Amino acid sequence: MHETENGALSASLEHNWEQHVGILLKNLDEKRGELKIYHDTLKRLLEITEISGEEVEKVKHTVAVRDEYIRDLEHNIEHHRHIEKVSQQRQQFLQGRIEKLLEHNLKLEEHISKLDELISYKHRVIDEKNQVVENKEQVIAAESRYREELRQYYDLKSKAWNKKSIEKPIPEVIPPLDIAELPPEPSYPDPVPALKLDEEKPYASFDKVLEPNKDLMDEFRCGLDTPRSYLSREIGHVVHIGGWCFDKEGRAPKRVWAILGDKRIPCASGWPREDVVSEFAHQLNVERKCGFNVELSTGPGENIIDIYAEFENGAEEFLFKRLVINLGINRTPKRQLDQDYSTWVECFDSLSNADIRAIEKHLAEMKSKPLISILMPVYNTDEQLLCEVIESVRDQIYPHWELCIADDASPEPHVRNILEEYAKKDERIKIVFRSENGHISASTNSALEVATGEFCALLDHDDLLPKHALYFVANELNEYPETDLIFSDEDKVDSKGVRFDPYFKSDWNHDLFLSHNCISHLGVYRTSILREINGFQEDLFGSQDWDMALRFIEKTDASRIRHIPRILYHWRYLESSTAMSIESKPYAVTAGQKAIENHLKNRGIAATVSEGMWAGAFRVKYHLPNPVQISIIIPTRDQLEVTRQCIDSILKQSEYSHYEILLLNNQSEQPETLEYFKSLQGNPMVRILDYDHPFNFSAINNWGAQQAQGDVLLFLNNDIEVTDGGWLEELVSQAMREEIGAAGGWLLYPDHRVQHAGVVMGVGGVAVEAFKNQLEWNIGHMGRAHLTQNYSAVTGACLATRKDVFEKLGGFNEEALTVAYNDVDYCLRAKRELGLKTVWTPYSKLIHHESISRGYEISDEKKQRLEKESVYMYKNWAAEIEADPYYNPNLTKYDTQFFLAWPPRVNDPWKPYLDHA
């Protein structure tokens, strides 16, 4: 009924009832008047005359009749009033129903509007996906063609360029300058159109010499810091060019420019390069301002960039040629991987129908098909989110699962209705309805009680599993059946279903796990051990998963913990969840600290746990029950200023006093240096030892270790400056842990950019420092730049190790690795031969004035020696260089900042079944 019709009916009823009651009241008044007349008449008659009893009775009968009639009228009036009240209530009920119908109508219109938007969005996504796929195919085809052309070119030049051969590294003189420091550049169109290559001979222009003509090297010298490779790939539209150049007299060029397409773009030249001046000081006086920088805005696709310089004599000389393939993806300053990651997901983390059919074929041939119990506590979950998470489980390609849901006494009625409905739909869904609220630990334990699977996976009540999540788990268990714990990579998903903020994790990394919960999602645990440790503790609400995992690993071995480098969990990004911010759950920080303390206590380790450098991170400071003597071994040759700065800063700043300094004098000649050495002879903390042999980093440090009296050896460069008083105690406490073979500190350039935060294998060649050139306060990928953790190696510029370990390993390799990679080789041998790990700590922070003392790898002799040492490393550590266990294969090998790999270095286990699918 419409609102207008209902109002008219109501008005009509109200009018009729009022009219009828009015008539009844009027009749009542008339009858009361008549009755009063009868009473008055009877009274008068009785007073003035004698009336027969019959007449009196007749009058009384009449009065009685009138009284009964009046009572009937009053009853009727009450009855009609009751009917009127009921009518009003019915009218209110109908009005409420009308309002409800109107609300539902508005919601229906909203849903229809949203559905229209979703349909429109779906069409846009399909169009964009098709375009991405088309662009991806074009880029892959073009890159394949370019690589083949370059390979042929290098073969002609006797420079084999493939995976097995070593490309001679272009020396890095200093890290490129921050573009924010440069003066304003001239404006030019953005983006510059990509250079069109001749399809018949796409590399015809590369017939020119790629590097300066050797005949002209007597006229000028130059070096390019970035981009290093002849062929480079860029994610954004901006390419940074940086290097140095001077003529045969050491004079800087008058101007430097880049040619991109038909554009001639001036470089910002005249930047001081003290490193270059120092390197060539023995040959000629080089002007300080010989450096240049420029940023080029390119279009997507192929871009050939030529660098030229003009010198004092007016000659314009060709310096370098670079081919840049631009992927055409913009970086954003906040949530920097959002746009990049969305494209990456489309290209490398989306299943086609053919993939799904191949997975099903693979599953049919799996020898083991373990039942996986998914434990999911529920409490007042939003209706839509609850349905979505359950559907994500039902959508799993791997069918051998059971979903054990424990409702924690949710007061919202829709929760029970939804769960009961799903339990009827799918017999694999088990429901436990708790009678009272016990929070997440108690409810998860309730789910564990009904689990029958060999393994249990943890799932929050509003998160999502990708459809291939359990397939990867089953595949891992088939390949490694002794596994007790599996964890995967993860990302976040917002309210619109957009995925972002991926966490590409290290393989099992115990020290990182004590810094923050790097297992988290997706975690899959052997059920028997879960029950052995009694599941989840209810008093650590907020970090119950972390606490459980810490107690779980106490019952297993590191070899039985597996990491799947795939995104197998989508963490819902809600205002109240720790996926958004740990500040939303401050109690989780307290619980996390308590969980770590309990774990260390259970293992008999004396340590103090405190909050780390950012919210949700922790620091474990290991106790030294007794003072440990440490020998600080510092080789040096002249370089008085930096050596004095190093020694003085150690003596003045170090709070830990149980140390000796062994200053190894490697043929110093300058009088002022020798005089300084004499001044130190009276200091009981310092010993000056002469090493009169040609420089060999490994040999001189091995010799110094033989003279050392300490239980811990600390190998330190003479260009290190101490600014933090607690640096030495932190290194000693880490090195004294029985499972640690080497410990390294956090080294920063003087301008507070990172020089060393651990070493990653296979990035940029043999190995490179993690997060190099990143600003000190940038926490890095998921905070790893500020977390104590295990790495494959740490730099020899600051490396602490126990003396007994050093002696067992025979020290540094002084035969094959005289200068480079000896530190990396030492750390790798400690793990392979003794089973000892390498740890890096950000709580031992030092300033590193890198390579002041020995210069950079520029001369031909140094290049040949570096190449020889690189060959040795590839020969002996090929597996570690190819796949560093502490660096995720979804991250690039062309950058130290943990950016995405295009494409990732992962294998799809279903690929062998594609041809038969």
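**Exercise 1.** Locate Asp426 in the chain, decide whether Asp426 is buried or exposed, and find which residues it contacts.

*Solution.* Asp426 sits in the loop that runs between α7 (413-425) and β12 (429-433), where helices (H or I, at least four residues) and strands (E, at least two) are DSSP runs numbered from the N terminus. The model is a predicted one, in which local features need pLDDT of at least 70 and side-chain atom pairs count only at pLDDT 80 or more, while totals for chains, interfaces and linings use all residues. Residues are numbered from 1 along each chain as its sequence is written, and side-chain values use heavy atoms, with hydrogens and water left out.

The next step is accessibility: Asp426 has a relative accessible area of 7% and is therefore buried (under 20% relative accessible area, with exposed meaning over 50% and partly exposed in between; 1.4 Å probe, protein chains only). Leaving aside neighbours within four places in sequence, Asp426 is in contact with Arg394 and Trp401, contact meaning heavy atoms within 4.5 Å. With Arg394, the side chain of Asp426 also makes a polar contact of 3.3 Å (a pair of N or O atoms within 3.5 Å, one able to donate a hydrogen and the other to accept it within protein, residues adjacent in sequence counting only if both atoms are side-chain atoms).

**Exercise 2.** Describe the largest nonpolar core and the surroundings of Phe898.

*Solution.* The largest nonpolar core has 58 residues, such a core being a set of buried Ala, Val, Leu, Ile, Met, Phe, Trp, Tyr and Cys residues joined through side-chain atoms within 4.5 Å. Helix α19 (residues 822-834) supplies the largest share of this core, five residues. Phe898 belongs to the residues with the most contacts inside the core, together with Phe715, Phe771, Tyr826 and Met873. Not counting residues up to four places away in sequence, Phe898 touches residues including Val760, Phe771, His781, Arg784 and Tyr887.
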